[in-house]
Amino acid sequence: MNITILGGGSAYTPGLIEALMRLKERVPVDRLVLMDVDKRKLDIVGALVQAMVSRKSPGTTVALTTDRRESLAGADFVLCQIRVGGLAARRLDERIPMKYGVIGQETTGPGGFAMALRTIPVMVDVARDMEELCPDAWLINYTNPTGMVEGGIKARSNIRVLSICDIPAAILYLVAHVQKLPVNSLRLDYVGLNHLGWVRRIFHGGTDILPRLLSMAKFLNAIPQQLIPSSIIGVSQKDVNEILKVLRLAKVLGVLPSPYLQYYYLTDEILKEQSRLSKTRAEEVMEIEEELLSHYAAVSKGREVDLWKQRGGDWHADMMVSVLSAIANDTQEEFVVNVPNGNSVRGMDPGAIIEIPCKLGSQGATPLPLEQPEPWMLGLMQVVSQYERLTIEAALEGSQRKALLALITHPLVPSITTAERILNDYLKAHKEFLPQFK
Ligand code: G6P
Ligand code: MN
């Protein structure tokens, strides 16, 4: 099996490789190709990956390249985690709306809109290259905004693609950890769009344990205590803050919202927080990344190769690799992934991309029977899904009119005037990455 990682120079890559090595009985890899446009990061991360692989899976060859087409030729699976414009572009995505009193976030609101405009055309190019160079390969996409990227690719190509997010998996890991249960003994009843969904039930065997979890004050208090001393590898202070907000919201809603719903349900509070902080998340992540890169460089030269630190939680890499294994081995295991609605949710366009539990096998994702979302969930899904449709079309057509309509439609943008200002700023700031808008 040949696996190509686009965005292979990412600080997430070593975690991904570690997870692949853990699964090597089920996913034996002959050749691993890391591709990245950033040669410096590719060389640093690549050296660590080569050291890890030569110790744990000596039969696997590792190649590094900055040439995308070369990396795709002969691939069976393409894992994609690119960031068009890098963290510098993410910083602008976050900073620009904040100038106008609007939430500045990587994937939610105007930030996700700008990211989609830059990313969708590149992902369509990846799909076109795959049609030519590895037409039978699967693209497992982690690149954000993952739902809109999935929609953009599906609009222009018939390659086999599956877009995933680690939030549902993270919730499963967390509950399993706190309840001391094996993670594969739990199942989620989840409905929504990517980064806009609700966990309605958590099944252990046939029983829904969510009501009990939510009513247990002990559970609510246990979470921060268990997590703050980082008893789960990879849970950061950022995660802990999010978990606390999610639990507050859950008490009101009766279901567990995705952490990204805080931007909708706690808008005023988050705006205040954002205006107080000196750094945006992109600015923090830039520092985290530089630290990790120098750590990787040091570790791969020394003897303690196994001691490298992760960029994300275990669940992040595990989910990516388990999805790959489910497809490669046709296991029909259950995962929450992004798929076209078809007729799963009544009142949503058939082509809208939704995030729901599916069975995964060699044919891809088969949606499981789904209970309809409550009307207050459906309403938000419909509005945000219309914003997503307009954004995808704007990205593909280079249409400024659709881009403006998309922003106006988004619930976090308060007026046409603000939408115009944000759009103008983005078109100027990201000019180099938005060739479709002449
Ligand atoms: C979660 C989301 C990802 C997102 C990440 C951002 O894992 O599911 O889609 O990329 O958070 O984390 P960061 O550390 O970059 O802010
Ligand atoms: Mn995600």
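**Ligand 1.** I began with Y260 in this predicted model: an N or O atom of the Y260 side chain sits 3.4 Å from an oxygen atom of ligand 1.

The side chain of R90 places an N or O atom 2.8 Å from an oxygen atom of ligand 1. For D166, I found a polar side-chain atom 2.7 Å from an oxygen atom of the ligand.

I listed the surroundings next. There are 13 residues around ligand 1, and R90, N144, D166, R281 and R311 come nearest. Sorted by class, I have 5 nonpolar, 2 polar and 6 charged residues in the shell.

**Ligand 2.** I asked which protein atoms are donors of the manganese ion. They are SG of C165 and NE2 of H195, at 2.2 to 2.4 Å from the ion. I placed C165 in the loop between β6 (160-163) and α7 (167-179), and H195 in the loop between β7 (186-193) and β8 (196-204). The pair is 30 residues apart and links distant parts of the chain. I noted both C165 and H195 as buried.

**Strand β12.** I went through residues 353-361 and found 8 of the 9 buried. With β11 (residues 333-340), β12 pairs in the antiparallel sense over 8 bridges; I saw V339 opposite I354 of β12. With β13 (residues 364-367), β12 runs antiparallel and is joined by 4 bridges, and K359 has T366 in β13 as its bridge partner.

Note on methods
Residues are numbered from 1 along each chain as its sequence is written. Chains are lettered from A and ligands numbered from 1 in the order in which they are written. This is a predicted model: local features need pLDDT of at least 70, side-chain atom pairs count only at pLDDT 80 or more; totals for chains, interfaces and linings use all residues. Side-chain values use heavy atoms; hydrogens and water are left out. A residue is near a molecule or strand if one of its heavy atoms lies within 4 Å of it. A polar contact is a pair of N or O atoms within 3.5 Å; within protein, one must be able to donate a hydrogen and the other to accept it, and residues adjacent in sequence count only if both atoms are side-chain atoms. Ala, Val, Leu, Ile, Met, Phe, Trp, Tyr, Cys and Pro count as nonpolar, Asp, Glu, Lys and Arg as charged, and the others, Gly among them, as polar. Donors are N, O and S atoms within 2.8 Å of the metal (3.2 Å for Na, K and Ca); water is not among the atoms, so sites may look incomplete. Helices (H or I, at least four residues) and strands (E, at least two) are DSSP runs, numbered from the N terminus. Buried means under 20% relative accessible area, exposed over 50%, partly exposed in between (1.4 Å probe, protein chains only). Two strands pair if DSSP finds at least two bridges between them.
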